[in-house]
Amino acid sequence: MGLAWRLPKESTYVDFFQFLPRAKIHAEENGQQGEIDSIENKMNSTPAEASVHDIREFIIKKEEDKDLKMKDLQIVFKQLFEQHGEFSALSTEDSIDPKLLKSLEKLYDVRNLLLNRLGEDGGR
Amino acid sequence: MRSTGNGPLNSLNSLIGNSANKDRIRAGQQIIYEIEHHLPRYKSSLVENMAKKSTSEHYSVLEYGDLLSWGTELIATSMLLRHRQILSLQINPFGHSHIDTSAVFRDDSLIEPIEEFTTRIIRLLEFLEN
C-alpha cells in the first residue's frame, strides 16, 4: 500500500498550514526532533537502506512538527492579544508577504505530488 | 514630554494626556516588547540548509522536509514582524490615524529568504513533475 493512503489529505494549503484565525489544532506533543534527525541521517548516508517505513515516518514526523509549530504560534498570538483588548491580531493571509503565500500554496502542491508519487511506486 | 507651544507636541500631549490613549500606547508597547522576545525563536531569516544534492525520492522527501520546516518559520516570523510594524504605527501619535492593514507588506530582512524559499520549491516541483 502506498504512502498516499497512510497520510491524511488536507483540503487546502490554508488548512494544512493552520492559518489564523481558526479553531485550536490538536497536535500530539512528541519529542521527535531526535527521531527526525536519525531518519534524515540514514536517508543521507545510506539511502539504499532507507525503507518505505523510514520515508513514511520522516514525512509524518515532519508534518507533526509543523503542526506543533503552528499550534505554538496560535498560543503566542493568543497570549499577545487576549490580555491587551485594545488591539486584535490579523489573519495569517493579511500578515504575510503575498509571495510567501503563493510559495506555501506551491509547497502544498509539492506535498500532494510527492504523496501521489510515493504512493504509486511504494516509496522506493 | 512637556508642551512648549502649538503644533505636534500639543497633539502628542493631548494624546498621551488621555488616560485611554495612554493605556493603549502602553499596551501596544508591551505587545511589541513581547514580539521582540518571540522573534529570536524562529530562524526563518537564515538560509542555512542547501538543497539536497542527491536525486530520486530521497531527494524530494528530504527537501520537502526542509522546506516544510522553513515555511513554518517564515510564516511565524512574517506574522510577528507584520504585527510589530502595524502596532508601531498605531501607537505613534504622529502616525496615521488609519492603518491600511491590507497594504502589501514586505520586510527587508525576509526578501532574500523568501526568494530562496520560492526558488527551491519551484525546483522541487519541477523535479516531481518530470
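This note reviews the aromatic pairs, ring–charge contacts and nonpolar core of a predicted model.

1. Aromatic pairs. Over all chains, the structure holds five aromatic pairs. One of them joins Tyr13(A) and Phe19(A) in an edge-to-face arrangement, with 5.8 Å from centre to centre and 85 degrees between the planes. Both partners are shielded from solvent: Tyr13(A) is buried, at a relative accessible area of 13%, and Phe19(A) is buried, at 1%.

2. The pair of Phe16(A) and Tyr108(A). The ring centres of Phe16(A) and Tyr108(A) lie 5.6 Å apart, and the pair counts as tilted because its planes meet at 45 degrees. Phe16(A) belongs to helix H1 (residues 13–16) of chain A, whereas Tyr108(A) belongs to helix H5 (residues 98–121) of chain A; the pair therefore ties together parts that are 92 residues apart in sequence. Phe16(A) is buried, with 1% relative accessibility, and Tyr108(A) is buried as well, with 7%.

3. Surroundings of Phe16(A). Ring pairs also bring Phe17(A) into a cluster with Phe16(A) and Tyr108(A).

4. A ring–charge contact between chains. The charged end of Arg117(A) is placed over the ring of Phe127(B), at 5.4 Å from the centre of that ring.

5. The largest nonpolar core. This core has 59 residues, and those touching the most other members are Phe17(A), Phe19(A), Ile59(A), Leu104(A), Leu107(A), Tyr64(B) and Phe117(B). In chain A, H1, helix H2 (33–45), helix H3 (52–82) and H5 each supply at least two residues; in chain B, helix H2 (19–38), helix H3 (56–90) and helix H4 (108–129) do likewise. The element giving the most to the core is H3(B), with 14 residues.

6. Contacts of Leu107(A). Leu107(A) is itself among the core residues that touch the most other members, as are Phe17(A), Tyr64(B) and Phe117(B).

7. Backbone at Gln18(A). Phi of Gln18(A) is near 50 degrees, which is a positive value in a residue other than glycine. Gln18(A) is located in the loop between H1 and H2 of chain A. Gln18(A) is buried, with a relative accessible area of 15%.

Note on methods
Residues are numbered from 1 along each chain as its sequence is written. Chains are lettered from A and ligands numbered from 1 in the order in which they are written. This is a predicted model: local features need pLDDT of at least 70, side-chain atom pairs count only at pLDDT 80 or more; totals for chains, interfaces and linings use all residues. Side-chain values use heavy atoms; hydrogens and water are left out. Rings of Phe, Tyr and Trp (its six-membered ring) pair if their centres lie within 6.5 Å; planes under 30 degrees apart count as stacked, over 60 as edge-to-face and the rest as tilted. Buried means under 20% relative accessible area, exposed over 50%, partly exposed in between (1.4 Å probe, protein chains only). Helices (H or I, at least four residues) and strands (E, at least two) are DSSP runs, numbered from the N terminus. A charge sits over a ring if NZ of Lys or CZ of Arg is within 6 Å of the ring centre and within 35 degrees of the ring normal. A nonpolar core is a set of buried Ala, Val, Leu, Ile, Met, Phe, Trp, Tyr and Cys residues joined through side-chain atoms within 4.5 Å.
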